[in-house]
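Please keep the sequence and the model in view while reading.

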Amino acid sequence: MPIMSDSKSNYTQGYSQATQATHASRTIHSDASFLLPHIKPTDHILDVGCGPGTITVGFAALISSEGSVTGVEISSSVLEKAREALASSTTAEGENVTFLQADLLSPAGLPFQDATFDIVYSSQLFPHLSTHEMRTKALAEMRRVLKPGGILATRDAAHLHFYPKPPAVPGKYDLNQLWAGNMLKPLRTPHLPGGDMPGLFYEVGFAVDKVRIGAGTTAYTDQKARKWFAEACKARLGQGEPFRQSWLEVGITEGGIEDTKEALDRWAGRDGAWYVAVQAEILGWK
């Protein structure tokens with residue numbers, strides 16, 4: 001989820017309904033379970049790149065009137081979705097939740113003073129930062145607004161895998177190439193950043209013994225889940241979608257896009273097929 005302007009980042013997914021629907025499927029239980037045991041009701045939490053706010057609103061349900069939750073996002077239209085999610089929540093109190101438009105990589109950085117938050121969190125932010133310089137700058141800025149003793153928590157994909165591996169024609173229906181491989185091209189990165197995150201934490205000033213490295217998964221394993229995921233991927237590759245355009249701009253052909261959509265249908269309809277994304281879940285204590 002973006003928190004910097006598209007010109008600074010390699011954010012290519014756009015803000016369409018199809019993309020936002022994928023982001024809105026994320027919750028504190030699916031994407032922040034590694035952080036939940038460390039949250040106190042009085043904590044002040046910052047969600048960086050909050051997107052449509054589903055995780056932010058989940059945090060808010062855990063916070064008392066003495067705590068607060070702030071979500072920051074670059075897109076004003078996406079922030080409206082986040083505010084709608086808060087308004088429709090039956091568990092979160094709106095008084096201690098704020099959504100702000102901000103650009104993480106701007107010269108001014110985040111609009112907060114040093115040591116403001118007890119917890120700073122992001123989910124799937126760093127794949128959209130293509131260079132080492134951008135990633136360290138972003139992580140250092142997130143660390144700046146963290147209180148001493150506070151926790152910086154990140155969750156970013158390290159690997160994507162579709163099973164079973166396709167037989168017969170190499171590459172024709174191989175979603176490990178057609179989806180996972182092609183996704184990297186608009187991101188302008190040779191690999192997803194999850195595996196590199198511990199080193200980045202050390203580089204921006206976290207002590208080695210203050211960083212906890214873990215891994216989670218995002219998995220789609222039954223017929224209903226496969227169908228939902230395949231349809232969500234295909235929707236993002238639909239005509240007029242920014243995500244589709246980003247593929248075309250890096251040389252993926254119309255034929256390649258149609259092959260990907262066909263492969264997604266075949267995979268979703270195959271008994272025993274499944275998908276897993278390995279997620280790097282990092283906690284750093286300042």
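## Report on the predicted model

Arg 26 is placed in the loop between α1 (17–24) and α2 (28–31). Helices (H or I, at least four residues) and strands (E, at least two) are DSSP runs, numbered from the N terminus. Arg 26 counts as buried because its relative accessibility is 16%; buried means under 20% relative accessible area, exposed over 50%, and partly exposed in between (1.4 Å probe, protein chains only). Its C-alpha atom is separated by 6.5 Å from that of Ile 55, 29 residues apart along the chain.

The model is predicted: local features need pLDDT of at least 70, side-chain atom pairs count only at pLDDT 80 or more, and totals for chains, interfaces and linings use all residues. Residues are numbered from 1 along each chain as its sequence is written, and side-chain values use heavy atoms, with hydrogens and water left out.

**Strand β7 and its partners.** Of the 12 residues in strand β7 (residues 274–285), 9 are buried. Strand β5 (residues 146–163) pairs with β7 in the antiparallel sense over 12 bridges, and Leu 160 has Ala 277 in β7 as its bridge partner. Strand β6 (residues 211–220) also pairs with β7 in the antiparallel sense, over 10 bridges, with Ala 215 opposite Ala 280. Two strands pair if DSSP finds at least two bridges between them.

**Helix α10.** Phe 243, Arg 244, Ser 246 and Trp 247 are buried in helix α10 (residues 242–249). The buried residues fall within an arc of 160 degrees seen down the axis of α10, so they line one face of the helix; the arc is that of the directions from the helix axis to the C-beta atoms. Among the elements covering these buried residues are α6 (175–178), α7 (180–187), α9 (223–236) and α11 (254–268).

**Aromatic rings.** Rings of Phe, Tyr and Trp (its six-membered ring) pair if their centres lie within 6.5 Å; planes under 30 degrees apart count as stacked, over 60 as edge-to-face and the rest as tilted. The count by this rule is 15 aromatic pairs. Two of them are set out here.

| Ring pair | Centres apart | Planes | Class |
|---|---|---|---|
| Tyr 220 and Phe 229 | 4.6 Å | 20 degrees | stacked |
| Phe 229 and Tyr 275 | 4.6 Å | 35 degrees | tilted |

The pair of Phe 229 in helix α9 and Tyr 275 in strand β7 links distant parts of the chain, 46 residues apart. Phe 229 is buried at a relative accessible area of 10%, and Tyr 275 counts as buried at 5% relative accessibility. Ring pairs join Phe 162, Tyr 220, Trp 228, Phe 229, Trp 267 and Tyr 275 into a cluster.

**Nonpolar cores.** A nonpolar core is a set of buried Ala, Val, Leu, Ile, Met, Phe, Trp, Tyr and Cys residues joined through side-chain atoms within 4.5 Å. Which members of the largest core touch the most other members? They are Leu 46 and Val 120, in a core of 28 residues. Elements supplying at least two residues each include β1 (44–48), β4 (117–123) and β7, while the largest share, 4 residues, comes from α5. A second, separate core of 27 residues includes Met 183, Leu 184, Cys 233 and Trp 267.

How values were computed:
Contact = heavy atoms within 4.5 Å.
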